[in-house]
Amino acid sequence: MARHVIAAVDELPPGTRKFLEIDGRPIAVFNIKGEYFGLMNRCPHQGAALCEGPLIGLAQSSDPGEIEYTKLGEIIRCPWHGWEFDIRTGQSYCDPRRFRVKAYPAHVEPGASVVKGPYVAETIPVSIESDYVVVDL
Amino acid sequence: MNIQFRESQEAASPLTTKTAIADCDIHPARATRTELYPYLAKRWQHHLEIYGVHAYQGMMEGPPYPKAQPNASRRDAYPPEGGPQGSSLAFMQKQLLDPNNVQLGVLNPLNTGQGIRNHELSAALCSAINDWQIDKWTSKDKRLKASIVVGNEDGLSAAAEIRERAGDKNFVQVLLLSRNVEPLGQRRYWPIYQAAEEAGLPVGVHAFGFGGNPITPSGWPSYYIEEMVGHSQCQQSALASLVLEGVFERFPKLKMVMIEAGFGWAPSLAWRLDKVWQRLRSEVPHVKRPPSEYIRDQVWWTTQPMEDPERREDLFDVINWIGWDRLLFATDYPHWDYDEPSRVLPAGVSEANREAFYLGNAKKLYGLA
Ligand code: FES
């Protein structure tokens, strides 16, 4: 497993996402209220750039007439046919048994550890003073 | 809602087919509200500004069922220069035509002058759309061919438009929508079929339109998802009407293309028609052959949206009944239910059938073989 530095924390504020290619794989990294998530940016259905879809919530119904809307901002909806995936796990909601999208753990590391550690900086020069978003691949 | 796009949107379909294909359902859009004005007489420009357009359906603006994605389109299909999805030739070339090696792309414009109560305005708008298709699309990219849009509710002006465009190589079919004021076999539409047959042009019936009637046989449904499945019900009524009113008998060289309403239902509709026809044929003596024969002889089907049964053998059973020579591949670009060429046909199809499915049938039908 390689660890990739993909952005300084300031460059990926809450509510934004970053698209990049790591080892030939299209990846998107999200900052949702300070939590970071990485996802393969290719829909397992017909191959759309999945992460260009909107982040929505999950509409569920236990009984007809009762609708609960949860996981606000944690569900990515494919820009083509609208399949929904949990960005925390990559699990699909249309057919969880057969389809999932690969999720990559992402988190923040202080610059000091990044400079020393076994990290590969993808796109940016890193310095000790800053914090970085790191994806495990 | 939180949407954010990558910067380099040029990105093609992620997987590309190398073999040349036909795409028999592409939807070009207007970049601006007034883009058609250069093709409209001043009189109609003023009319539009003052009165707007009166559809058969009492809606002030937009369709009654909000679509699942903006403009019912892929979210990655906004042209970089702005404007709605499908409004830029350059971007369509980059996103659809080049990477998928589209050799023939058939344009089916929607939101045209069809289904407008003022028949003169309807005819003027349709004619303008046809001029615009040549100017903006087919004359700029030889892979693209246009459908002649006609004022469907006025058979005579529609026939006149077809006759005017007949022989023009920019056009390869006549375009109708599935929801009209009456079922499509009725006499008011016959002049359209007659002119199309004379011109040697197939008539495409694309799902959609609002004829003022409820969009399902049992009334107005609550959800967009019901509208989506309702398209196949609507096409079935249209096709039954075409057969039973004797349209295929009267116009034996007429070719119809069922666009964007599935085809899985074709065998069962034909079986049912055959069965009742055997018992009730004296009511419709002008229907001389079993309905299934007309359907198999004179009807083609575009693929998108393909039925996607759990067992692929079921899909092959349906196609075998319809005929591998009757399916026309289509993506429906830029709409949200777009089909990716490399992903639609399951394994296990012979080379000859694949070729026919992706390209051969379309070239033959549209006279480009
Ligand atoms: S490609 Fe994502 S839902 Fe179809």
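Which residues in α4(B) meet which residues in α5(B)? Let's start there and then tour the rest of this predicted model.

## Ground rules

Residues are numbered from 1 along each chain as its sequence is written, and chains are lettered from A and ligands numbered from 1 in the order in which they are written. Because the model is predicted, local features need pLDDT of at least 70 and side-chain atom pairs count only at pLDDT 80 or more, while totals for chains, interfaces and linings use all residues; side-chain values use heavy atoms, leaving out hydrogens and water.

## α4 beside α5

On the α4(B) side, the residues are B:G155, B:L156, B:A158, B:A159, B:I162 and B:R163, and they meet B:P191, B:I192, B:Q194, B:A195, B:A196, B:E198 and B:A199 of α5(B). Contact here means heavy atoms within 4.5 Å. Sorted by class, that gives 9 nonpolar, 2 polar and 2 charged residues. (Ala, Val, Leu, Ile, Met, Phe, Trp, Tyr, Cys and Pro count as nonpolar, Asp, Glu, Lys and Arg as charged, and the others, Gly among them, as polar.)

Helix α5 covers residues 190–199 of chain B, and its axis comes within 8 Å of that of α4(B), crossing at roughly 15°. Axes are lines fitted to C-alpha atoms, for helices over the stretch in contact, with angles from 0 to 180 degrees between N-to-C directions. Helices (H or I, at least four residues) and strands (E, at least two) are DSSP runs, numbered from the N terminus.

## α3 and its two partners

Helix α3 (residues 119–138) of chain B packs against α4(B) (residues 155–165) at about 25°, with the axes 10 Å apart. So α3(B) is roughly parallel to α4(B). Here B:A123, B:C126, B:S127, B:N130, B:D131 and B:I134 of α3(B) meet B:S157, B:E161 and B:R165 of α4(B). The classes in this contact are 3 nonpolar, 3 polar and 3 charged.

Now for α1(B), residues 42–51: its axis and that of α3(B) come within 11 Å and cross at roughly 115°. That makes α1(B) roughly perpendicular to α3(B). B:W44, B:H47 and B:L48 from α1(B) touch B:E120, B:L121, B:A124 and B:L125 from α3(B). By class, that's 5 nonpolar, 1 polar and 1 charged.

## A pocket to peek into

The second largest pocket holds about 1500 Å³ of space. Its lining has 40 residues, with A:H45, A:W83, B:M306, B:E307 and B:D308 nearest the centre. The lining splits into 20 nonpolar, 8 polar and 12 charged residues, and α6(B) gives the most, with 6 residues.

What's a pocket? On a 1 Å grid over the protein atoms alone, where a 1.4 Å probe fits, it is an open set of points with protein on both sides within 12 Å along at least five of seven lines; lining residues have an atom within 4 Å of a point. The volume is the space filled by probe spheres set on the points, which are joined across faces, edges and corners.

A cis peptide bond joins B:Q304 and B:P305, with omega about -5°. B:P305 sits in the loop between β7 (299–302) and α10 of chain B. The bond from B:Y333 to B:P334 is cis too, with omega near 0°.

Over in chain A, A:D23 has a positive phi of about 50° although it isn't a glycine. You'll find A:D23 in the loop between β2 (17–22) and β3 (25–32).

Definitions and conventions:
Parallel < 35°, antiparallel > 145°, perpendicular 65-115°, else oblique.
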